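Let's take a walk through this protein together. Have the model open beside you as you read.

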Amino acid sequence: MKYQPCEVEKKWQKYWHDKRIFATNPKPKKKFYNLVMFAYPSGDIHLGHCKNYVIGDVYARFKMRRGYDVLHPFGWDAFGLPAENRAIQLGVHPEKSTMENIRTSDQSLKLLGISYDWDREIISCLPGYYKWTQWMFLLLHKRGLAYKKQAHVNWCPSCQTVLANEQVTEEKCYRCNTPTEKRKLDQWFFKITAYAERLLKGLERLDGWQENMKIIQRNWIGRSEGCDIAFKIADKDFKFKVFTTRPDTIFGVTFMSIAPEHPMLSDITKGTPNETAVRQYAREATKKTEIERMEKEKDGVFTGCYVINPINGEKVPLFVADYVLSEYGSGVVMGVPAHDERDFQFARKYDLPIRVVITPPDDSKLNITSMTSAYEEPGIMINSGKFTGMKSKDGIEAVTKFGAEQGWSKPCVHYRIKDWLISRQRYWGAPIPIVYCEKCGTVPVPEDSLPVLLPKDITDYIPRGTSPLGGVASFINTTCPMCGGKAKRDPDTMDTFVCSSWYFLRYLDPKNDHEFCSRKNADTWLPIDQYTGGTSEHATGHLIYFRFFTKVLSDAGYISVDEPVVNLFNLGMLLKDGEKMSSSKGNLVPVRQFIEKHGADVARLTLLFAAPPERESEWTDEGVTGSERFMNRAYRLVVDNKTSVSKNKPTKIPVDEESLFIRINQIIAKVTGDLETFKFNTAIAALWELLNELYACNNKSTVYGYGIYTFVHLLSPFAPHLADELWSLIGEKGSLSEQKWLEYDKAYLKDRTTTIVLQINGRVRSHLEMEGEITEAKVKDLALKDARIQRHIKDKKIKKTIYVPKKILNIVV
């Protein structure tokens with residue numbers, strides 16, 4: 001009899017829905033918050049997306065059966081570039097396109113049998129959600145963590161909007177892969193740098209995170225200890241700070257370099273003969289990508305100004321140079337060509353002096369004329385006045401201390417991470433709740449006036465480099481909340497990552513109109529116990545942003561935790577034909593069509609069995625065929641042996657059935673352990689083994705019947721529709737999701753040791769100690785490899801062997 005999945009799956013999905021099997025217990029006794037990353041609704045979901053959701057579902061079902069009150073919600077990251085770009089491609093309004101995609105994708109996820117509590121579904125583009133996104137903005141503004149400034153920003157010419165640093169990969173847009181440009185614009189920022197140290201230290205407590213994700217975040221935060229040194233422009237009333245981690249090299253400064261976009265550059269060079277050349281160079285340099293500036297040949301222009309080295313009073317030339325970036329440090333570097341490779345290349349190109357002030361600790365000498373690269377390692381200070389002879393480590397401390405006493409230096413810590421730019425020149429996003437009044441200036445929208453609604457009747461929402469909302473008079477023109485006079489709204493919308501930085505909190509209280517989440521609900525469910533999904537690219541985006549939001553909300557007293565997640569599991573990508581699934585490559589596997597043909601459980605098993613979930617896996621037709629074969633064999637086993645199933649664990653195990661009972665308990669332990677550690681592929685492999693052993697078993701005993709019962713139990717997290725159908729076929733009521741997880745018998749985890757007596761011509765010559773399955777062929781093979789047996793049969797002909805199962809092997813020679 002062949003299994004018919006479509007009919008069975010509809011039946012059990014209806015049962016789960018009608019019985020509210022996956023509804024969240026509002027008063028959990030043993031809570032477990034199981035979260036998967038919510039989705040961009042830029043089209044119907046395909047099986048490439050579903051790896052995340054199926055893995056999260058397996059874990060949720062397992063935890064339910066382990067006695068936890070599980071919160072397993074889902075929602076849609078519905079604002080932002082993915083949804084808007086899709087709408088533009090289709091030529092429809094973003095709201096219409098987005099909501100249609102959500103309806104379609106909801107149905108696809110329900111066809112897969114995902115155990116979400118759909119009553120808690122959230123959609124970030126609805127006013128009931130983005131009201132609280134705007135409230136979050138106001139909270140950060142109130143706490144001095146949201147500010148507006150003019151800055152050189154990353155601009156995507158294709159998406160026609162600004163991008164945060166975290167959204168630029170190798171100088172390309174994270175969404176469309178178009179090379180980015182730099183533009184100078186007034187933009188809103190969140191002051192994530194104020195939390196840099198806490199974000200860094202918090203990683204030490206995240207034992208449940210994969211180490212590679214923590215390493216990526218540490219590197220992105222980029223903590224550097226050093227000192228700020230004040231340098232003065234000669235004959236001008238200008239000073240600037242230079243951050244360095246190597247103050248021990250300060251005597252080796254022979255020039256200084258300033259970034260082309262540095263805000264002081266135009267003032268420093270104003271009225272000098274070099275002003276025009278500097279301005280022209282800066283304009284061209286800022287057009288280059290960061291990679292071009294850092295990796296290609298360094299160049300620059302002399303500003304005509306000199307800088308005074310505070311430690312020895314020496315005047316050195318100031319260059320504007322492309323390899324200096326305003327975003328890192330202070331945007332000015334001290335040129336120490338003997339001990340910094342970039343400075344070395346620059347000095348050689350422009351024939352600038354090179355002065356060695358650090359020598360290797362092995363007393364080898366550095367010859368300036370023969371040097372082909374800078375010596376950047378620590379060593380011994382030379383040519384450094386009273387500091388000569390000090391080790392670099394001691395010199396760093398001594399120079400910093402001396403500078404502090406003289407008033408031109410102080411110890412400090414710098415971070416690579418920069419403040420989060422959240423302004424977007426797009427229509428489809430949460431409007432920024434700020435108005436501008438000629439009389440009152442920048443005014444936050446009062447909380448009781450939220451949400452600032454996104455106008456729906458806009459027809460021209462195509463991005464053209466400025467915010468589309470700026471041309472909507474009914475939106476942009478408003479009154480000042482303070483004086484009642486004429487005012488204008490901020491025309492930009494917020495980065496969609498703002499919406500996703502707090503969404504996990506809205507699941508806890510999705511219908512609350514008075515607050516984003518009650519403190520009671522937050523205290524009940526936080527932190528997230530298991531967060532599943534995403535790849536390493538999320539480490540410097542969403543995963544750092546929502547840690548930042550959590551700390552801000554904790555500081556403000558709204559929640560009691562300052563880290564959102566206990567355990568994080570990131571996934572490898574699902575490929576087809578060696579490439580990521582995408583419509584442009586024509587290699588998508590649509591959920592609905594696949595399920596109609598093969599069934600949801602086949603999709604689930606194929607996704608889970610392909611590879612360890614943290615690795616890339618390949619979707620293949622062979623995998624689908626294998627999953628169907630497995631399910632048909634499982635169905636046939638139960639149908640053909642319904643009357644043999646034993647629902648009670650045997651208490652007295654006959655000797656000849658002991659090995660099977662041990663194997664059953666080993667597989668319960670194996671599947672349980674693998675589920676806890678996300679080794680789903682090996683858990684399914686263990687179920688294959690049990691299935692094969694049950695098919696090979698000729699003794700339809702109580703142990704055999706308990707083996708079938710065990711198989712059905714263990715199958716349920718992976719193929720829940722089939723498992724519940726088999727559960728009903730053996731006479732049980734309800735769903736396995738309502739049953740406790742099977743426990744293994746610790747007394748029957750290890751194979752019993754059997755002693756096999758080895759004889760030659762009837763005389764005992766040796767023994768074998770064997771565990772597990774014992775066959776005659778296996779005994780003969782091991783016996784002939786035994787050293788004592790080999791000694792007695794050397795140069796003799798074996799006539800025959802006589803085997804008494806599990807007792808004696810007699811070799812006749």
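**A buried glutamate and its partner**

At 10% relative accessibility, Glu725 counts as buried (under 20% relative accessible area, with over 50% called exposed and anything in between partly exposed, using a 1.4 Å probe and protein chains only). Before going on, note that this is a predicted model, where local features need pLDDT of at least 70, side-chain atom pairs count only at pLDDT 80 or more, and totals for chains, interfaces and linings use all residues. Residues are numbered from 1 along each chain as its sequence is written, and side-chain values use heavy atoms, with hydrogens and water left out.

What does Glu725 form a salt bridge with? The partner is Lys11, with the closest N and O atoms 3.0 Å apart; a salt bridge here is a side-chain nitrogen of Lys or Arg within 4 Å of a carboxyl oxygen of Asp or Glu. Glu725 sits in helix H24 (residues 720-729) and Lys11 in helix H1, so this pair ties together parts that are 714 residues apart in sequence. Helices (H or I, at least four residues) and strands (E, at least two) are DSSP runs, numbered from the N terminus. Lys11 itself is partly exposed, at 41% relative accessible area.

By that rule, the count comes to 39 salt bridges. Another one links Arg61 and Asp57, with 2.9 Å between the closest N and O atoms. Both of these residues lie in helix H2 (residues 47-65), four residues apart, or about one turn of the helix, and both are buried. Glu225 pairs with Arg223 at 2.7 Å; Glu225 is exposed at 56%, while Arg223 is partly exposed at 33%. Shared partners also join Arg198, Arg205, Arg547, Lys551, Asp555, Asp562 and Glu563 into one salt-bridge network.

Now for the nonpolar side. A nonpolar core is a set of buried Ala, Val, Leu, Ile, Met, Phe, Trp, Tyr and Cys residues joined through side-chain atoms within 4.5 Å. The largest has 181 residues, and Trp420 is one of those touching the most other members. Leaving aside neighbours within four places in sequence, Trp420 is in contact (heavy atoms within 4.5 Å) with residues including Trp188, Phe190, Phe497 and Tyr545. Apart from that core lies another, of 36 residues, among them Val242 and Leu265.

Finally, some backbone details. The peptide bond from Leu450 to Pro451 is cis, with omega near 5°, and Pro451 is in the loop between strand S22 (441-444) and helix H13 (473-476). Leu526 and Pro527 are also joined by a cis peptide bond, with omega about 0°.
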